[in-house]
Amino acid sequence: MKRWFTLLTAVVVAAGLAGCQTSISDPPDENLAAKPVIYLYPEEETEVSVTLDYDGTLTAAWPTYKDGWQVAAQPDGTLHDAAGNEYSYLFWEGESDTVYDFSQGFCVAGADTAAFLRDTLAEIGLTPREYNEFIVYWLPQMQDNAYNLISFQSERYAETAKLDITPAPDSMLRVFMAWKPLDQPQQIEPQSFEPFVRDGFTVIEWGGCKTA
């Protein structure tokens, strides 16, 4: 039986979130959501269609987003478009006015950020390949801060960025981290995560947002 898993998202909110965008090549500034990437892992080579219903402005995508993506996906996650070009994942970024809940999360010393991300992302359900790519992107912006305030949540990011995938995946995990640097530690109720099981055609997404 197909099983859909709750979207896991990390988001940080102060007074509100004004918008989220950045370029793939530049480090994100405050209030920018950066580099959501989507991995597709079918059980056999499969033609897959992915469309994004985004409550905001799409600012970048690779491959080019033309009313969606159509790719041939391999079990190891390798993707090819109709012209035969190869990709490791689908990439997109956008700007949104979504305001996220930040009642739970983690306060992590900057020097401990790499270990925290590795352990927590593995607990959430990312593979070493996936969480290492996540860490390589975000760690340079986080490791030199005194502390980082991080929160993971589900519903609001799912509402902001809906995915429609054909054929429908059997299991899906979407991880979106938002955070902000702190000079002093802050108390916050810690989060826990439901176990994620990869079953059949699996879709994984990760991204993030730095906020003021």
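Where is Asp 67 found in this structure? Asp 67 sits in the loop between β4 and β5, where strands are DSSP runs of E of at least two residues and helices are runs of H or I of at least four, numbered from the N terminus. This is a predicted model, in which local features need pLDDT of at least 70 and side-chain atom pairs count only at pLDDT 80 or more, while totals for chains, interfaces and linings use all residues. Residues are numbered from 1 along each chain as its sequence is written, and side-chain values use heavy atoms, with hydrogens and water left out.

- Asp 67 is exposed, with a relative accessible area of 73% (exposed means over 50%, buried under 20% and partly exposed in between, with a 1.4 Å probe and protein chains only).
- Phi of Asp 67 is near 55°, a positive value in a residue other than glycine.

**Glu 130 in helix α2**
- Glu 130 belongs to helix α2 (residues 128–142) and is buried, with a relative accessible area of 0%.
- Beyond residues up to four places away in sequence, Glu 130 touches Tyr 39, Tyr 41, Gly 125, Arg 198, Ile 204 and Trp 206, where contact means heavy atoms within 4.5 Å.
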